[in-house]
Amino acid sequence: RAMSDTKSGVLALISRKNAIEAELKALSDVLESQRGVGMNEPLVDREDFPRADIDVYSVRTSRNRIIRLQNDHKALMLQIERGLHEIHASDRAEVDTGSVEQSKDEESNRAFLRVNVVSESSPACVCGLRVGDCIVEFGSVNASNFSGLKNIGDLVKNSEGTKIWIKILRDGDEIRLGLIPKKWAGRGLLGCNIVPI
């Protein structure tokens, strides 16, 4: 009963996470529509007057909402990760008594991504990721809930500066790495390329 509640709770959290990601995308589109103003472009002209070429109020409101949502998203990801750990721990206990659903467990522990590029000095390189590593878990995403690389892209974008735990297979060994997406000298927030298996 308790584990059923935990699973329902995690599903509810994932649903909220998806809703937040959809709203973040919509708000990013608003900023993009305002001459691609983004989160850091100045809202005043050279004479310190509000810019006339954009809707300053709309941009300011969207930026504030994005910051709040990103904080909510980080908190949700931590809650989801905690809930998934509880579920996995319970599943492992059930394996000992022989009552777990094997197929589900096997599906979530199957590698679903392969790393084919890691740039020197990138966040991916710093955390220890290597070309040829096969990814079993990328934060809350695994083979059973992965629907495309957009899953990973959204997770990375909304977890900037926050550690994402990754479970990989390397030469038959299971390894856990903490990857922190952040801006670096190269492109993107990771500095690696991954492809579905």
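Helices (H or I, at least four residues) and strands (E, at least two) are DSSP runs, numbered from the N terminus. The model described here is predicted: local features need pLDDT of at least 70, side-chain atom pairs count only at pLDDT 80 or more, and totals for chains, interfaces and linings use all residues. Residues are numbered from 1 along each chain as its sequence is written, and side-chain values use heavy atoms, with hydrogens and water left out.

Glu21 belongs to helix H1 (residues 2–33). With a relative accessible area of 12%, Glu21 is buried, a term for values under 20% (1.4 Å probe, protein chains only).

A nonpolar core is a set of buried Ala, Val, Leu, Ile, Met, Phe, Trp, Tyr and Cys residues joined through side-chain atoms within 4.5 Å. The largest such core has 24 residues, of which Phe112, Leu129, Ile135, Phe138 and Ile152 touch the most other members. Elements that each supply at least two residues of this core include strand E1 (113–118), helix H5 (149–157) and strand E6 (192–196). Apart from this core lies another, of 17 residues, among them Val56, Ile66, Leu84 and Ile87. In soluble globular proteins, nonpolar side chains tend to be buried together.

How values were computed:
Buried means under 20% relative accessible area, exposed over 50%, partly exposed in between (1.4 Å probe, protein chains only).
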